[in-house]
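Subject: Structure handover

Hello,

Here is the structure I said I would pass on. Please open it beside this email and follow along with the notes below.

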Amino acid sequence: MTASPGLGTTRTASPDLLRSVFRRHAAGVAVITAAGERPVGFTATSLTSVAAEPPLVSFCVGTASSSWPVLAEAEHVGVHILGEHQRELAATFARSGADRFGPSTFWRSGPEGVPLLDDVQAWLVCRVVARVPAGDHHIVIAQVVEGDTDGGGRPLVYHQGRFTALRD
């Protein structure tokens, strides 16, 4: 570690440094789902709008994730934007080994058979167009097929290692 004038202490690049920096970066919370023998899903803070024409989104998924084997083959995925009232749902889909589609999760089969979560702020069904290896993750790029923005309320945010809400 070295001290930089006016910048504090600098650290050499490492996984811990990256995690520490991104704890300070507030991010919206999404759940990504896909249909398989059993539906799969995970909480993502890496959701990004890629392009408007054609409408493309991207997200990252760890190759060690229990969802990856299904996502590696899925033709379509569901993207769900969570509201501040869905902290427990976000935690369920983030928890390793959780029964993500158990009795406490309300969902239905949507377009292209994609599992759609109820009561979210917005959802998209997207066709996967690329999977790009990136370290211990893959970046998935998907084209929007259809969606719904009728959910209300305020967004759920992830910051400093916890799910929280925006403040006025």
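A nonpolar core, as used here, is a set of buried Ala, Val, Leu, Ile, Met, Phe, Trp, Tyr and Cys residues joined through side-chain atoms within 4.5 Å. Buried means under 20% relative accessible area, exposed means over 50%, and partly exposed is in between (1.4 Å probe, protein chains only). The model is predicted, and local features need pLDDT of at least 70, side-chain atom pairs count only at pLDDT 80 or more, and totals for chains, interfaces and linings use all residues. Residues are numbered from 1 along each chain as its sequence is written, and side-chain values use heavy atoms, with hydrogens and water left out.

Cores

The largest nonpolar core has 18 residues, and I32, A34, F42, L71 and V77 have the most contacts inside it. Two or more residues of this core come from each of strand 4 (30-34), strand 5 (40-44), strand 7 (55-62), helix 2 (68-71), strand 8 (76-81), strand 11 (122-134) and strand 12 (137-148). Helices (H or I, at least four residues) and strands (E, at least two) are DSSP runs, numbered from the N terminus. Another core, of 15 residues, lies apart from this one, and its members include V31, A90, L117 and V125.

Which residues does F42 contact, leaving aside its neighbours within four places in sequence? They are A30, V31, I32, F59, C60, V61, S67, L71 and F93. Contact means heavy atoms within 4.5 Å.

Strands of a sheet pair through backbone hydrogen bonds, either parallel or antiparallel. Here two strands are said to pair if DSSP finds at least two bridges between them. Strand 3 is joined to strand 13 (residues 156-159) by two bridges. To find this pairing on the screen, look for A27, whose bridge partner in strand 13 is Y158.

T164 lies in strand 14. Its relative accessible area is 12%, so T164 is buried. Leaving aside neighbours within four places in sequence, T164 is in contact with R87, P155, L156, V157 and H159.

T92 is found in helix 3. Is T92 buried or exposed? T92 counts as buried, because its relative accessibility is 10%. Not counting residues up to four places away in sequence, T92 touches A98, D99 and R100.

Salt bridges

A salt bridge is a side-chain nitrogen of Lys or Arg within 4 Å of a carboxyl oxygen of Asp or Glu. How many salt bridges does this rule give? The count comes to five.

One of them joins the side chains of R38 and D99 (3.9 Å, N to O). R38 lies in the loop between strand 4 and strand 5, and D99 in the loop between helix 3 and strand 9 (107-109), so the pair ties together parts that are 61 residues apart in sequence. R38 counts as exposed at 59% relative accessibility, while D99 is partly exposed at 46%.

E84 forms a salt bridge with R154, with the closest N and O atoms 3.8 Å apart. This pair ties together parts that are 70 residues apart in sequence, because E84 lies in the loop between strand 8 and helix 3 and R154 in the loop between strand 12 and strand 13. E84 is partly exposed at 29% relative accessibility, and R154 is partly exposed at 30%.

R95 and E88 also meet in a salt bridge through their side chains (3.3 Å, N to O). R95 counts as partly exposed at 39% relative accessibility, and E88 as exposed at 51%.

Cysteines

A disulfide is a covalent bond between the sulfur atoms of two cysteines. The rule applied here is a pair of cysteine sulfur atoms within 2.5 Å, and the count comes to zero disulfides. C60 counts as partly exposed at 31% relative accessibility, whereas C126 is buried, with a relative accessible area of 0%.

Regards
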